[in-house]
Structures are given as C-alpha cells and as structure tokens.
Amino acid sequence: MGSEPNTVQQLLLSKRGCFDGTAVVCRGVRTSYEEFDRVTDRIALGLQKAGIGPGRFAAVHLNRDERMVEAIFGVLKAGAAVIPMNRDMPEKRMNSLLSACGASIVLDEKNLDELLAGIQELPDRNAAPAQLPLRLAGEEDPALVLATSGTTGLPKGVCQNQRSLRFLF
C-alpha cells in the first residue's frame with residue numbers, strides 16, 4: 001500500500017492495531033478496538049474466501065447494534081460494496097433492491113454466524129495490513145449503495161466508489 005490510502009478499504013486496513021480503548025458502544029455493549037479489528041478482519045476474510053470482494057456487493061440486514069457496525073466495516077475491509085438494509089423494509093422492496101444491485105450475499109444473523117464460524121485463525125492485529133490475505137479494491141470499485149426510490153416508486157441503488165467514501169472517514 002502507498003503512503004496515503006486511496007480507498008476506504010486501504011484506509012481501514014492501515015488503521016488496524018492503531019487504537020486502544022472502546023471502538024463501539026451500543027445499548028450498553030462496549031466493543032474494544034482490538035475485538036472490533038478481530039471481528040471485522042474475520043468477516044472480511046470470510047467474505048473474500050466466499051468470493052465476495054472488490055467489485056461485488058454485500059447487503060447487511062441486521063438489527064441496529066454492534067453486529068451491524070461490525071458487518072458494515074467487515075464488508076468494507078473485504079473491498080466489497082455494502083448495501084445497508086433497513087430491517088423494516090417490506091420484503092418485496094428488499095428483494096427488488098437486492099436484485100437491482102446484484103447482491104452476492106445478505107448478511108443476516110444466520111449468515112454472519114456461519115461466515116464467522118469458518119474463519120478462526122488471524123494474523124496479529126498489529127501486523128502489517130499486507131499480512132491479511134485480501135484482494136485490494138481500486139479507487140473506482142463500488143463501496144456503498146444507498147437505497148432510494150424515484151418517481152417510479154421502485155427501489156434503486158445510488159452507488160459511491162471507494163475513493164469517494166474514503167473521504168468520509
């Protein structure tokens with residue numbers, strides 16, 4: 001990786017092991033940066049092992065808690081584009097959006113547990129990002145898809161690329 005990360009994936013990987021303390025607090029549950037790195041690295045590796053990385057799309061359909069945040073950052077670390085899905089979205093609308101975006105996987109509680117169960121061994125979180133065997137995304141690869149519905153009422157995905165999303169962090 002160059003001196004300045006050009007993608008959100010490179011930025012997140014470059015910050016592994018850089019912070020101590022609490023990364024996420026949700027409904028009284030505190031997740032340390034160390035645990036956050038460990039879980040998001042496992043998600044990223046599991047996704048890439050399943051063929052989901054740069055240029056692919058992964059929907060996150062979880063409750064608004066620490067697992068949702070971990071899943072979103074895991075997808076971004078994998079270099080894939082994340083599609084956050086509202087749990088209250090009607091099934092027909094959700095299926096239409098997933099179809100329109102070409103989602104490769106929907107991370108719900110069951111799929112996330114299965115993905116994490118398949119990845120146990122990880123490099124030390126203080127190790128160089130290159131020690132995580134991840135395919136790197138390019139600047140123009142998709143990073144985030146937000147659902148919107150235009151005048152037709154049909155859901156559409158508005159996509160942000162890796163370079164654009166990197167500047168939000």
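Reader: Which residues touch the most other members of the largest nonpolar core?
Author: Of the 29 residues in that core, they are I43, L47, V60, V75, L76, V82 and L107. A nonpolar core is a set of buried Ala, Val, Leu, Ile, Met, Phe, Trp, Tyr and Cys residues joined through side-chain atoms within 4.5 Å. Buried means under 20% relative accessible area, exposed over 50%, and partly exposed in between, with a 1.4 Å probe and protein chains only.

Reader: Which elements give two or more residues to this core?
Author: They are α1, α2, β3 (57-60), α3, β5 (105-107), α5 (109-117) and β6 (142-149). The most comes from α2, with five residues. Helices (H or I, at least four residues) and strands (E, at least two) are DSSP runs, numbered from the N terminus.

Reader: What does V82 touch?
Author: Leaving out residues up to four places away in sequence, V82 touches A58, V60, I72, V75, L76, A143, L144 and V145. Contact means heavy atoms within 4.5 Å. Another core, of 11 residues, lies apart from the largest one, and A81, M85, M89 and L97 are among its members.

Reader: Where does the model come from?
Author: It is a predicted model, where local features need pLDDT of at least 70 and side-chain atom pairs count only at pLDDT 80 or more, while totals for chains, interfaces and linings use all residues. Residues are numbered from 1 along each chain as its sequence is written, and side-chain values use heavy atoms, with hydrogens and water left out.

Reader: New topic. How many salt bridges does a search of the whole structure find?
Author: The search finds 10. A salt bridge is a side-chain nitrogen of Lys or Arg within 4 Å of a carboxyl oxygen of Asp or Glu.

Reader: Which residue forms one with R16?
Author: D41 does, with the closest N and O atoms 2.7 Å apart. R16 lies in the loop between α1 (8-14) and β1, and D41 in helix α2 (residues 33-49), so the pair ties together parts that are 25 residues apart in sequence.

Reader: Is R16 buried or exposed?
Author: R16 is buried, at a relative accessible area of 5%. D41 is buried too, at 2%.

Reader: And what about K77?
Author: K77 forms a salt bridge with D37, and their closest N and O atoms are 3.5 Å apart. This pair links distant parts of the chain, with K77 in helix α3 and D37 in helix α2, 40 residues apart. Both K77 and D37 are buried. Salt bridges with shared partners join R16, D37, D41 and K77 into one network.

Reader: Which residue does R38 pair with?
Author: R38 forms a salt bridge with E34, at 3.9 Å between the closest N and O atoms. The two are four residues apart in helix α2, so about one helical turn separates them. R38 is partly exposed at 39% relative accessible area, and E34 is partly exposed at 43%.
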